[in-house]
Amino acid sequence: MRRALPLSLCLLATPLFAAPCPPAGYDAAALRELKAQRFALPDPAAKPALAQALLACLSDPDPELRDGIAFEALSQWQRAGDFDPTTLRSLRESLYATLDRADADGFARPFAALTLSEIARTDRIAPWMRADERAAMVERAAAYLESVRDYRGYDPRDGWRHGVAHGADWLLQLSLNPALEPSQQQRLIAAIATQAVPASGHAYVFGEPERLARPLLAAAAHAQWPAERWQAWITALAAKVGALDRSDYAGWLGRRHDLRAFLLQVHWLAGRSEDAQIRALGAAVEEALKRLD
């Protein structure tokens, strides 16, 4: 593998939005070799700088570089505990900046959200965020999921975009964190409701209902909602389908399809839980499914 140039110097000289992919000192072949070596570096101290440089590849149109190398490397290093809080904060802030920028190709924001789910996981496994940082991430994640309007999933040439699913994965890691307060779990639940039944009538076909159901159940275990509140939440969700509109039959059918798929996933998962809060949610969903049929 070609030795990388001092990436810290490259990063100081080049803003992230203009950073190259592959990073300076690498080409695609060198990154493939890095993956073949399980992302091990001769100098482990070089990982933080390379991780920052690889963030640029999260928006690359080549799915091998974007998903198969950049995201896999970032995920593996984080799950191995290779980064200290200073590095994690730097990665987080760079990814937040990506969420704030336009994304015409539709790759950058979903993969920023997916990588942020890994950062959220590190805090869940070994807490390092301050309470205000965690609260800010809850709001960031909820706002990102609510903002998704690009519903493209998998393309044989381009690979994955999957904004809703990647946002749901971010919410899942947060909702599993015992440090979250009930009000923060409720904020995540509100965000899930906006995408469980998209107003546009887009019909999910890439597993989004299941991905949204997982953080809902995790949040339900700590949201401290009584059964009546779950019933009201599901009633409001069902109201998004609306009455049959012959002038927008496809949209109505798509919303009904999404509601049913989501409720079925929640019901299936809740039925396998022993948690009383989740069982209350499952019972409310079961009644809603009866009415939907």
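Helices of at least four residues and strands of at least two are taken as DSSP runs and numbered from the N terminus. In this predicted model, His-162 falls in the loop between strand S2 (159-160) and helix H8 (163-175). The backbone of His-162 adopts a positive phi of about 55°, although the residue is not a glycine. With a relative accessibility of 3%, His-162 is classed as buried, because buried denotes a value under 20%.

His-162 also contributes to the lining of the largest cavity, together with Asp-150, Tyr-151, Arg-152, Gly-163, Val-164, Tyr-204 and Glu-208. The volume of this cavity is about 30 Å³, and the count of cavities of 30 Å³ or more comes to 1.

Gln-224 is placed in the loop between H10 and helix H11 (227-239), and its relative accessibility of 60% puts it in the exposed class, for which the cut-off is over 50%.

Two further loops carry local features. In the loop between helix H9 (182-196) and helix H10 (208-220) lies Phe-206, which counts as partly exposed at 30% relative accessibility. Pro-22, for its part, is situated in the loop between helix H1 (7-13) and helix H2 (28-36), and the peptide bond leading from Cys-21 to Pro-22 is cis, with omega near 0°.

Technical notes. Residues are numbered from 1 along each chain as its sequence is written. This is a predicted model: local features need pLDDT of at least 70, side-chain atom pairs count only at pLDDT 80 or more; totals for chains, interfaces and linings use all residues. Side-chain values use heavy atoms; hydrogens and water are left out. Buried means under 20% relative accessible area, exposed over 50%, partly exposed in between (1.4 Å probe, protein chains only). On a 1 Å grid over the protein atoms alone, a cavity is a set of points where a 1.4 Å probe fits but cannot get out, and a pocket is an open set with protein on both sides within 12 Å along at least five of seven lines; lining residues have an atom within 4 Å of a point. Grid points are joined across faces, edges and corners, and a volume is the space filled by probe spheres set on the points.
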